[in-house]
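Subject: Structure for you to look at

Hi,

Here is the structure I promised to pass on. Have a look at it first, and then read my notes below.

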Amino acid sequence: MKLISFLGRAPKDTAGYRQTTYEFTDGSKSQPVSYIGWPLIERLKPESMVILGTEGSMWDHLFDSIECSLDEDLHLELLALVDNKSVSQEFLGQLQQRFIEKLGIACELVIIPYGKDMNEQIQIMEIIAQFVSEEDNVVLDVTHGFRHLPMLGLISAQYLQRLKNAKIQGIYYGMYDPDLKIGEVYDLQGMLQLNNWVFALSQFDKDGDYSVFSEPLALDGFSSTG
């Protein structure tokens, strides 16, 4: 299974990036973390991972939180680039192998645009698709980053289903509740299933072909043999 996760930029003070405890639907809770990817790795045990972030995402946190040793000059350069929101793909490429060795699973660290217009939104979908192979099992994490990314993540999941016949096993979103002071983790996969039904209905209205319902029925767990 492949975990594709967006990396954002949490508020930071002298103690570091703000931490949150995440609670899953089964009642289990994570340790306080700044990035939900860590408890998701522990929980899902993916075979590989893709971490997507912008030039200003908290890339420094990824290395610091798993105690990935970097030369002092490289570490200081990374901190400066994050502060200036100017981390490049080339720079991440210099650090990626050290990160993989410390993390213990295959991982790609990828710079994405901010998604401020259609061209950039299409670029993000194409970047995600290039790391997914035919019929891959995929989990998406859209917790961190800009607030429009969950919408883009849902569209990307549809794109992967159609283009790569990928099996979307979850779309996780950790929503922070300021009253409970905890991040409640929701699985948005149901929204993807609803969209599959809407798509099938539109096809049925056009062609009158009942077979268009076979795919959403199968995804909902119904067998074609009854």
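At the start of helix 5, a side-chain oxygen of aspartate 117 comes to within 3.3 Å of the backbone nitrogen of asparagine 119. That is a polar contact, meaning a pair of N or O atoms within 3.5 Å; within protein, one must be able to donate a hydrogen and the other to accept it, and residues adjacent in sequence count only if both atoms are side-chain atoms. Please keep in mind that this is a predicted model: local features need pLDDT of at least 70, side-chain atom pairs count only at pLDDT 80 or more, and totals for chains, interfaces and linings use all residues. Residues are numbered from 1 along each chain as its sequence is written, and side-chain values use heavy atoms, with hydrogens and water left out.

Helix 5 itself covers residues 118-130, 13 residues in total, and spans 18 Å from its first C-alpha to its last, close to the expected 18 Å (1.5 Å times one less than its number of residues). Helices (H or I, at least four residues) and strands (E, at least two) are DSSP runs, numbered from the N terminus. The buried residues of helix 5 are Glu120, Ile124, Met125, Ile127, Ile128 and Ala129, where buried means under 20% relative accessible area, exposed over 50% and partly exposed in between (1.4 Å probe, protein chains only). Their cover includes strand 1 (2-7), strand 5 (48-53), strand 6 (106-111) and helix 6 (149-164); contact here means heavy atoms within 4.5 Å.

Seven strands form an open sheet in the order 4-9-8-7-1-5-6, with mixed pairing. Strand 4 (22-23) and strand 6 are at the edges with a single partner strand each, so one side of each has no neighbour in the sheet. Two strands pair if DSSP finds at least two bridges between them. Strand 1 runs parallel to strand 5, joined by six bridges, and lysine 2 stands opposite serine 48 there. Strand 1 also pairs in the parallel sense with strand 7 (residues 137-141), over four bridges, and serine 5 faces aspartate 141. Helix 4 (residues 89-103) packs on the sheet, touching strand 5 and strand 6, and its direction makes about 155° with that of strand 6 (axes are lines fitted to C-alpha atoms, for helices over the stretch in contact, and angles run from 0 to 180 degrees between N-to-C directions).

How many residues of strand 1 are buried? Six of its six residues are: Lys2, Ile4 and Phe6 on one side, and Leu3, Ser5 and Leu7 on the other.

Helix 1 (residues 37-44) lies across strand 1, strand 5, strand 7 and strand 8 (167-177), at about 170° to strand 1. In helix 1, Gly37, Trp38, Pro39, Leu40 and Ile41 are buried. Just after this helix, lysine 45 takes a positive phi of about 50°.

One more spot is the loop between strand 4 and helix 1, where serine 30 sits. Serine 30 is buried, with a relative accessible area of 12%. Not counting residues up to four places away in sequence, serine 30 touches Thr20, Thr21, Tyr22 and Pro39.

As for the whole protein, there are eight helices and nine strands, and 46% of the 226 residues count as buried.

Happy browsing!
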